[in-house]
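This report describes a single protein chain, moving from individual residues to the chain as a whole. Please read it alongside the sequence and the model.

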Amino acid sequence: MYNFKKAFVFVLTFYFITFAWFLYKLPYRVSFDRKEPEEKPAFVIAYKNRYWLVSENGDILGVAKLSDLATNAFVSQVDVVDLKVDKVSLETMKRLKIVLQSPYVTEVRLKDKCAILLKGVVLYFNEWNDLITHCSKLETAIRFMEPKSEYFLSPVGLFYKLRGDESEKK
């Protein structure tokens, strides 16, 4: 005799599995007419606890990958308005392009006017031109700098170690 309940459960299970498979594959079959971004990433910035790729025009393109951080230094303390980097910050970043590509610089803080170098060295300076002009001296200077210490770059290219108080030694 024909068991209606078993047939109904079988057909219902078959349709459920087919429907679940269709939903699983659906997003991959729908093709969106998406254009590739015309702008190439030029900078990496730190903004709202993430690292973002930024174009030459200052537009935020997307989240940066780990490989982007390994090749270029990132810029922090950047002013962002409507997902676009502020004009003053963008001009400063364009001037610092050579410094950001240096293998010895890991971060540049715009508002503090300092650069974080390898070994955790913090390098302060008065003008951006001081850092740009003497960027080539970083290769030899980093060899003699103590890890996790602070230095000042003078306009003539001399590196001065900044002293702290006695509590730093503890």
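Val9 lies in helix α1, which spans residues 4-29. In this predicted model, Val9 also belongs to a nonpolar surface patch together with Phe4, Phe8 and Leu12.

Is Ser76 buried or exposed? Ser76 counts as buried because its relative accessible area is 8%, under the 20% limit that defines the term. Its side chain makes a polar contact of 2.6 Å with the side chain of Glu107. When neighbours within four places in sequence are set aside, the residues in contact with Ser76 are Ala46, Glu107, Val108, Arg109 and Leu110.

The following values describe the protein overall.

| Property | Value |
|---|---|
| Buried residues | 31% of 170 residues |
| Contacts between residues 24 or more positions apart | 42% of the contacts with a separation of 6 or more |
| Carbon and sulfur share of the accessible surface | 58% of about 12,600 Å² |

The secondary structure consists of 6 helices and 11 strands.

Regarding confidence, the average pLDDT of the protein is 85, and 85% of the residues score at least 70. Residues 28-35, however, have a pLDDT below 50, and this stretch has 1 contact in the model beyond near neighbours in sequence.

Conventions: Residues numbered from 1 in each chain as written. Predicted model: local features only at pLDDT ≥ 70, side-chain atom pairs only at ≥ 80, totals over all residues. Heavy atoms only, no water. Patch = residues over 30% accessible without salt bridge, like charges linked within 9 Å, V, L, I, M, F, W, Y side chains within 5 Å. Areas by Shrake-Rupley, 256 points an atom, 1.4 Å probe, with all protein chains shown as cover. Salt bridge = Lys/Arg side-chain N within 4 Å of Asp/Glu carboxyl O. Helix = DSSP H or I, 4+ residues; strand = E, 2+ residues; numbered from the N terminus. Buried < 20%, exposed > 50% of the residue type's maximum accessible area, 1.4 Å probe, protein only. Polar contact = N/O pair within 3.5 Å; in protein donor to acceptor, adjacent residues only side chain to side chain. Contact = heavy atoms within 4.5 Å. pLDDT = per-residue confidence, 0-100.
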